[in-house]
Amino acid sequence: MTEGETMSSKAKECLHGIVKAMTRKKKLTDDMYETPLKRCLTTFDLTLLGIGHMIGAGVYVLTGTVVKDLAGPSAILSYLFAGFVALLAALCYSEFGARVPKAGSAYTYTFVAIGELMGFIIGWNIILEHLLGASSVARAWSGAIDSLFNGAIRNGTIEHIGHLGKDSKWISDYPDFIAFTISIIIFIVIASGAKFTMNFNNVFTLINAIVIIFVICAGFYFADLANWTDPKRGGFFPHGFGGTLSGTATCFFAFVGFEGIAVAGEEAKKPEKSIPFGTFLALSIVSLLYVLATIALTLMVPYTEVSPTAAFPMAFATRGAHWIKVIVAFGTLFGLTTSLLGSAFSVTRAIYAMASDGLLFSVLGYVHPRTQTPVVGIAVFGLISAFMSLMFEIETLVEFMSIGTLSAYTIVAAAVIIVRYQSVGDCQFKLKPEEEDLDTAASGVNEESAIIKKSKSHDDFGKLKEKLRHLPILKTVPAGRAALYATYSIIVFIISFCLVLIVGFDYLRDGAWWAIMLEILFAAGMVICYLIMIAHEKNDAFITFQMPFVPVIPCLSMFCNVCLMMTLNHLTWIRLAIWVAIGLLLYFCYGIWHSHERNQPEVYDQMINYTGDAELTTSMQRLEEDIREQQPKRNTEEAYVQDSYGSM
């Protein structure tokens, strides 16, 4: 072999090693429930964490903007549609959250189902999402306090310290010391312990809920149905159904806090039950409160008289109830506090999860033995969040936050499909024991034949359905691979379809033949990918929560998320690209070399008991179901796991 061929061979080996490292998956072990964090959170705690994170100040701030500028009274439907889209994503999170009770939520799920590099990118975006969320809410909290003093804090700061970034769209007009201080206080609360944090959150969330219910009841007292029915006041659809859909895109971000429930999975007592139930209950309660609050607001005053920045205070002032303004102001502060706490709690757990896996500096994952919280990560990123709230405008923070959220939702939905169509050999999760075939047992078939008959259904996961196993091309694809490729492909088709639909909408409206043909082509691609998925056997034997209607719900969730992503400003995409580039630099310089999965031995369940001298190469892999763990032993272990879950 020549020197050039040797170098080429080494380059190929190096490239193969890098690709293998980027696609390695996080291995789940039997001690998955063991954690240095304290498992102390109940379903009640998780539900109120989700409610507090979602409801925040959305009722007081977001509702006025959607009603006045986008949808009018039909904002009620906007919240319903947005809640439905959020529920699709929440179901995907609940399935993984119940199965992988670890901090990190979407990061961990992606690492387990897809691979290390994609998991890192999603985790990096989650850090950005919650970091910006905490900073923007801190700015809103400061603004709410300042409004109680008629702007005296802002004016006094500018007068004594001066402008920080006058007329700048990025830098704040003045240094916001109130936002900086409240950020530090909240991160100190989080560092003091998970249970103390949840007790703090529970009290503030319940107070906020009481205030919202009071505001809703008072609003119904001043209701005037003519605000919906009188055409002179705009009617129910003043901007048409298109305005309602535009409002949905904005309202969707009122529900993103449900992810905090999954983030807290490593500190939940019974995550397999608490996460699905808490997520569904929190989303239902929040959706109901948003809808009722919007009904009350739009019945009190015509939508044209709604104030985008102070919707309820101004509405009550219009009806002569000035005293309610004070109650609303305090409710806003309580709501903002719970929202800030939810974002701060989530970002520190995401950092802890990535540091624990070696993808971020390990010191960030240090857990204090007394508080059982990642105090170093909390301190470092608490200061970063506080500094951002001190320096940057809230608009800059909020618009950057949305895209990271939607990308995480999209990948988690894809991961659900991938896991559901994996072969049984690739599946890392505990499965239900297969039931005895009564007809076989009754017919006197020997035990060995019965075992082979029983194990067949599990071994069919990811393979073509029996009636379709003659299909060309697909019949030659290994189990689970066709659905995997179809999932990746459908994401590409969805992105292409939405890109033409939203960016090229004017061409479609004008009947441009090329735009119509592209949409037909991309739609056909989505249908073909979906048909490939459902042509294969689906794994429905998990012992934890399983979302219904897979792959319909995950595909629909991906489509909705991508549509919303395409509506974002192009500058937001540029900022995301810069953030991801920084993350990739960190990953290839540090994470890929320090990942704990790098030093984990390869595990081949089929060969674990083999002691012969023959080489176990691809010829062994072709044996598939001939070399496999004995079924009775697997049933015993499965029953033990199931009993363990039931006793928790």
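Here is a short chat about some side-chain contacts in this predicted model.

Author: Quick ground rules: residues count from 1 along each chain as its sequence is written, and side-chain values use heavy atoms, leaving out hydrogens and water. As the model is predicted, local features need pLDDT of at least 70 and side-chain atom pairs 80 or more, while totals for chains, interfaces and linings use all residues.

Reader: Why is the aromatic pair of Phe252 and Tyr409 called edge-to-face?

Author: Rings of Phe, Tyr and Trp (its six-membered ring) pair if their centres lie within 6.5 Å; planes under 30 degrees apart are stacked, over 60 edge-to-face, the rest tilted. Phe252 and Tyr409 sit 6.0 Å centre to centre with 80 degrees between the planes, so they pair edge-to-face.

Reader: What makes Phe252 count as buried?

Author: Buried means under 20% relative accessible area, exposed over 50%, partly exposed in between (1.4 Å probe, protein chains only). Phe252 has 2%, so it's buried. Tyr409, at 1%, is buried as well.

Reader: How do you know that Asp45 forms a salt bridge with Lys195?

Author: A salt bridge needs a side-chain nitrogen of Lys or Arg within 4 Å of a carboxyl oxygen of Asp or Glu. The closest N and O atoms here are 2.6 Å apart, so Asp45 and Lys195 qualify. Asp45 is buried at 2%, whereas Lys195 is partly exposed at 31%.
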